[in-house]
Protein chains: 2
Amino acid sequence: MTRKTPKIRNMEEFASVSGLSRPTVSKYFNDPESVRASTRARIEQALEHYDYRPNIYAINQNRKLTKNVGIVVPYLADPFFAEIARNVEQRCIDAGFRPTLYSAHGDPALEVEILDSLRSLKPAGVLMAPLGRSSIRAEIEKFCGHVPTVLFDSNIPDLGLAFVGSNNTQFSMLMVEYLCRTGEPPCFLEMRTPSNPNANKRRQGYLDAMARLGLEPKVVRIDGEGWAFEEIGRAGAHGVFDAGGFPSTTVLCSNDRLAIGVLTACWEKGIRVGIDGEATIRVAGQDDHPLARYTCPPLTTIAQDYEAISSHAVNTLARAVEGEKKPHETTLFEGKLVMRYSA
Amino acid sequence: MTRKTPKIRNMEEFASVSGLSRPTVSKYFNDPESVRASTRARIEQALEHYDYRPNIYAINQNRKLTKNVGIVVPYLADPFFAEIARNVEQRCIDAGFRPTLYSAHGDPALEVEILDSLRSLKPAGVLMAPLGRSSIRAEIEKFCGHVPTVLFDSNIPDLGLAFVGSNNTQFSMLMVEYLCRTGEPPCFLEMRTPSNPNANKRRQGYLDAMARLGLEPKVVRIDGEGWAFEEIGRAGAHGVFDAGGFPSTTVLCSNDRLAIGVLTACWEKGIRVGIDGEATIRVAGQDDHPLARYTCPPLTTIAQDYEAISSHAVNTLARAVEGEKKPHETTLFEGKLVMRYSA
DNA sequence: CTTATCTCTTTACTCGCGTAAAAAATAAAT
DNA sequence: ATTTATTTTTTACGCGAGTAAAGAGATAAG
């Protein structure tokens, strides 16, 4: 650590101690490459001796658009979103943006509030995973009219610059195919009122796959509101067991968190889950939740391609911010089957 | 929705359409109570007709301190931190602040970077859960010298305005007492190089409790770096089993995530965990991780008082921001035993 | 109705930086 | 050395507010 000598109040002072003019220094901070190498060296040397950094507020006051990027996810306490947010955040930084993370905590009103306060930050762009079904489309649409926005994870048709997500239909089809190949054809477990459109795609994938295999689909719907999926899955599964059990010894859950709840219910009912001889039921999920590998038994699931989704989303936004005009585009990444011991 | 008519560019324009002068409107935005009720009504009525909000950047440019508050956690993908961050965030909003959430993603260098970029936001204050052992004390100390900072969860002695956390020693003692009362005295499982000081407190609590009960303590240390606690617990437990097993049929883990990994290892080894007749081992955790209730078997653990911690931390910061001077103060909240089926 | 008090309006200056235009200095090429 | 191209300096204005000071207007009390 060099000792940072006197305090520098503003760019004017910093320019003078580095022996340059303010506009030149200003140019440097906007793009270090835009000044001659020797000048750059002088500034960077001065930066090591004096503790100065431009005032963000003064910088952004005039600029029509800042380097800020908002990342909005529906529910950060869900490790799946925490993980993808982490990915997206890092890529934003790499792309030279200043990301800020927001969670709607499952509340559509809060989601709108976030967008609202985001507008006053004049962000260069926003990466948003909408709450889904319960999102207030009109509000989001209005927001997208003001700020370049890329949606991810959960689609709202034709909104924003682009959508990047997973091919949820393929997810279910892949899993159905695997489950049928290795045991009894699955029934499909989902929430009666799924909180996001991916659930519908997954159900459709299940239905399609079963139809193609000439099998009768059996969809089991359980009640529950909100984002406490594990509890919904657990309570729902108990209800199903008490009402006579699942229509198949193989249960494909709409997502991993639901599946985790189902595993808990099975444990509580003394029902062995898995693929070995003693087990009487198989349970599979979808998403590859960070804890899916650690459930008992470890959960067989479909892995989302976190990296591809986040990297493509950020790239799309970055290009749009740089002025590239493109029609609305939907990009879906395929999932990979992760075979573990629950199915 | 009222249709918001023409666009208002700045406070000058907004003042004129609401039939007032700019300084008066400015006063209103700084404190609505500071203008006469009739004036306030006129402004608020204008706000419904015209879409205007003060430019954040212009506002903060001169103010020495803003309404911003930074919330820094070590690892957001850990649902425990996501949950406490959510709590803290909400309370900051209630207290009239603009919170922004940051995660160090387990990386001390990133933590320092966050503090660095936080400084240029001129926050009114910061609520920080340090990475712990690996935090770079000197840097954080420097930061605390510039920005009022309240530490939570993980303590760094005498740093910042105050520390708010859990009484980790009590956690372990409470659990040891329970475990001894209901079965074989526990051994204690922890990482060889725990990533934060709470782990040391917990070990000490275990040692104290065992000593008080006149029992011989048995600490089992496993290897592993980083924040992938579940995997560390799983791999570590496998190692222990392969080397002859735990020194007790009761395993108290330093935290829930480690315990989750141990449960997985037990499943993989075919070892039944729990308190019923068929089980051969008991496993307990500490923290009441959001998923602890859904493990198989559901994890017996010690619940942190999220609410008390976050509320006390935010209150402490708020009072300090309002000018209250107080010596450094450490507040610890007690944990509650959550009995489930793993122990 | 007068006076004392608030509240609001006017006017004017500040903050830290972006940015444009013209002049000056430096570097590269002939 | 001269020309040309590039970079930097000077000068100056603008952004959207905060804020201070003085005077005018409204309100409440006597």
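Which DNA strand has a phosphate oxygen 2.8 Å from an N or O atom in the side chain of A:Ser21? It's DNA strand D. The model here is a predicted one, in which local features need pLDDT of at least 70 and side-chain atom pairs count only at pLDDT 80 or more, while totals for chains, interfaces and linings use all residues. Residues are numbered from 1 along each chain as its sequence is written, chains are lettered from A and ligands numbered from 1 in the order in which they are written, and side-chain values use heavy atoms, with hydrogens and water left out.

Sugar and phosphate make up 59% of the atoms of DNA strand D that come within 4 Å of the protein. Polar contacts come up here too (a polar contact is a pair of N or O atoms within 3.5 Å; within protein, one must be able to donate a hydrogen and the other to accept it, and residues adjacent in sequence count only if both atoms are side-chain atoms). From chain B, an N or O atom in the side chain of B:Tyr52 sits 3.0 Å from a phosphate oxygen of DNA strand D. A base is touched as well: a polar side-chain atom of A:Asn62 lies 2.6 Å from a base oxygen of DNA strand D.

Which helices supply the surface near DNA strand D? H2 and H4 of chain A, together with H2 and H4 of chain B, each bring at least two residues. Helices (H or I, at least four residues) and strands (E, at least two) are DSSP runs, numbered from the N terminus. H4(B) gives the most to this surface, with four residues. Sorted by class, the surface near DNA strand D has eight nonpolar, 12 polar and four charged residues. For that sorting, Ala, Val, Leu, Ile, Met, Phe, Trp, Tyr, Cys and Pro count as nonpolar, Asp, Glu, Lys and Arg as charged, and the others, Gly among them, as polar.

Now for DNA strand C, which has 25 residues around it. A:Met11, A:Ser26, A:Tyr52, B:Thr24 and B:Thr39 are the closest. Of the atoms of DNA strand C that come within 4 Å of the protein, 67% belong to sugar and phosphate. B:Gln61 goes for a base instead, with a polar side-chain atom 2.7 Å from a base nitrogen of DNA strand C. Helix H2 (22-30) and helix H4 (56-62) of chain A, along with helix H2 (22-30) and helix H4 (56-62) of chain B, each supply at least two residues of the surface near DNA strand C. H4(A) gives the most, with four residues. In this surface, eight residues are nonpolar, 12 polar and five charged.

Next come two helix pairs. In chain A, helix H5 (residues 79-94) packs against helix H12 (residues 306-321) at an angle of about 45°, with the axes 9 Å apart. Axes are lines fitted to C-alpha atoms, for helices over the stretch in contact, and angles run from 0 to 180 degrees between N-to-C directions. That angle makes H5(A) oblique to H12(A); angles under 35 degrees count as roughly parallel, over 145 as roughly antiparallel, 65 to 115 as roughly perpendicular and the rest as oblique. Residues making the contact (heavy atoms within 4.5 Å) include A:Phe80 and A:Ile84 of H5(A) and A:Tyr306 and A:Val314 of H12(A). By class, this contact of H5(A) with H12(A) has seven nonpolar, three polar and three charged residues.

In chain B, helix H6 (residues 108-119) and helix H7 (residues 137-146) pack at about 20°, with their axes 10 Å apart. H6(B) and H7(B) are therefore roughly parallel to each other. Among the residues in this contact are B:Leu115 of H6(B) and B:Phe143 of H7(B).

The peptide bond from A:Cys296 to A:Pro297 is cis, with omega near -5°, and A:Pro297 lies in the loop between strand S9 (282-284) and strand S10 (301-303) of chain A.

Conventions. A residue is near a molecule or strand if one of its heavy atoms lies within 4 Å of it.
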